[in-house]
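This briefing concerns the side-chain packing of one protein chain.

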Amino acid sequence: MEITSANKSFGGWTKHYTHHADALNCDMRFAIYLPPQTANGQKVPVVYWLSGLTCTDENFMHKAGAQRIAAKLGIALVAPDTSPRGEAVADDDGYDLGQGAGFYVNATQTPWNRHYQMYDYVLNELPQLVEATFPVTDTRSIMGHSMGGHGALVLALRNPGRFQSVSAFSPIGNPVNVPWGRKALTAYLGEDTSAWVEYDASLLMRKATQFVPTLVDQGCADPFLDEQLQPEMLAAAAQSSGYPLKLNRRDGYDHSYYFIASFIDDHLQFHARHLAA
């Protein structure tokens, strides 16, 4: 593992690393914020952040303003890149498929299946690396934005014992029925839509019997709201199964990091309560 940058922030450190990821068969990048509590060896819980289409490990750390509240709460933040990358890694001309758009699935179709195993990477390999290397505990929560909100919800829904809580900003809540999701799932998983069900938060939430506390914020001025995100499907699924979903609809807010920065404190305080439970 190689460190590529380190910046002191609110008494802690924001650092970026590269490492070889066995699950992805390539080198991978991630960012971590270590709050000041870790300076004396204290171990802290971790919140994982999954970013959206076209983003990298840098967007959240640079734009969300999360370090200030994370330092106060004593929480580490970890943000992986959004896909495998490199000259040997399959790609697509579109922004919504390929490098930058891994969709947090385990691809089964060629040429994607050689590298695109983001589900396994985020669930297993990255936490194992983080917990073996840094002063953190194995108590985790997860959150994300847009495609990353989809990923966070799916990981928590499928692995309720691994995460204390989950939250999302503007998640792709019903990907089997929207253009972004249908394009990615067809490419990565094939034409058989029965394989898509395990990566659809609304469908998973509707049949869930084990629950993870869940917070979702959605901007009402989001240009992708009706065509791509469909939070009403999440709300209906939660009502059907009794899932503990809190869905906030925020008047006037869009899909940008201005929206995320406006409510990041609420989300990290939500996670802190459950990480301490």
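## Packing in the predicted model

F30 counts as buried because its relative accessibility is 0%. This holds in a predicted model.

**Aromatic pairs**

- The count of aromatic pairs comes to 16.
- One of these is formed by F30 and F134, with 6.4 Å from centre to centre and 80° between the planes, an edge-to-face arrangement.
- F30 belongs to strand β3 (residues 26-34), whereas F134 sits in the loop between α3 (118-133) and β6 (136-145), so this pair ties together parts that are 104 residues apart in sequence.
- F134 counts as buried because its relative accessibility is 7%, a value under the 20% cut-off.
- Y253 and F263 also form an edge-to-face pair, at 5.0 Å centre to centre and with 70° between the planes.
- In this second pair, Y253 lies in the loop between β9 (245-250) and α9 (257-275), and F263 lies in helix α9, ten residues apart.
- Y253 has a relative accessibility of 30% and therefore counts as partly exposed, whereas F263 is buried, with a relative accessible area of 10%.
- Y253 and F263 also belong to a cluster linked by ring pairs, together with W49, F60, F169, Y257 and F259.
- A charged side chain also meets a ring: R158 lies over the face of Y199, at 4.9 Å from the ring centre.

**Nonpolar cores**

- The largest nonpolar core has 69 residues, and those touching the most other members are F30, Y121, V130, I142 and Y188.
- For I142, contacts beyond four places in sequence include Y48, L50, V122, L155, F163, V166 and H271.
- A second, separate core has 24 residues, among them Y33, A79, F169 and I260.

**Helix α3**

- Helix α3 bends by about 30° at E125, and the proline P127 follows within four residues.
- The buried residues of α3 are M118, Y119, Y121, V122, L123, E125, L126, P127 and V130.
- The elements covering these buried residues include the strands β2 (12-21), β3, β4 (44-50), β5 (76-80) and β6, and also α4 (147-158).
- Y121 and V130, both buried in α3, are among the residues that touch the most other members of the largest core.

**Helix α9**

- A kink of about 50° in α9 is centred on F263, the residue whose ring pairs with that of Y253.
- Buried residues of α9 include Y257, F259, I260, F263, I264, H267 and L268.
- Towards the end of the list, F270, H271, A272 and L275 of α9 are buried as well.
- At the start of α9, the backbone nitrogen of Y258 has a side-chain oxygen of S256 within 3.2 Å.

**H145 in strand β6**

- H145 is part of strand β6 and counts as buried because its relative accessibility is 5%.
- A polar atom of the H145 side chain lies 3.0 Å from the backbone oxygen of H255.
- Beyond four places in sequence, H145 is in contact with W49, L50, S51, G52, F169, S170, H255, Y257 and I260.
- Of these contacts, W49, F169 and Y257 are also members of the ring cluster.

**N174 in a loop**

- N174 is found in the loop between β7 (166-169) and α5 (179-189), and it is buried, with a relative accessible area of 1%.
- The side chains of N174 and D200 make a polar contact at 2.9 Å.
- Apart from sequence neighbours within four places, N174 is in contact with D200, S202, L229, Q230 and M233.

**P231 in helix α8**

- P231 lies in helix α8 (residues 231-241) and counts as buried, since its relative accessibility is 6%.
- Not counting residues up to four places away in sequence, P231 touches Q218, L225 and L247.
- The C-alpha atoms of P231 and N248 are separated by 9.9 Å, with the two residues 17 residues apart along the chain.

How values were computed:
Residues numbered from 1 in each chain as written. Heavy atoms only, no water. Phe/Tyr/Trp six-rings, centres within 6.5 Å; stacked < 30°, edge-to-face > 60°. Helix = DSSP H or I, 4+ residues; strand = E, 2+ residues; numbered from the N terminus. Buried < 20%, exposed > 50% of the residue type's maximum accessible area, 1.4 Å probe, protein only. Lys NZ or Arg CZ within 6 Å of the ring centre and 35° of its normal. Core = buried A, V, L, I, M, F, W, Y, C linked by side-chain atoms within 4.5 Å. Contact = heavy atoms within 4.5 Å. Polar contact = N/O pair within 3.5 Å; in protein donor to acceptor, adjacent residues only side chain to side chain. Bend = angle between axes of the 7 residues up to and from the residue.
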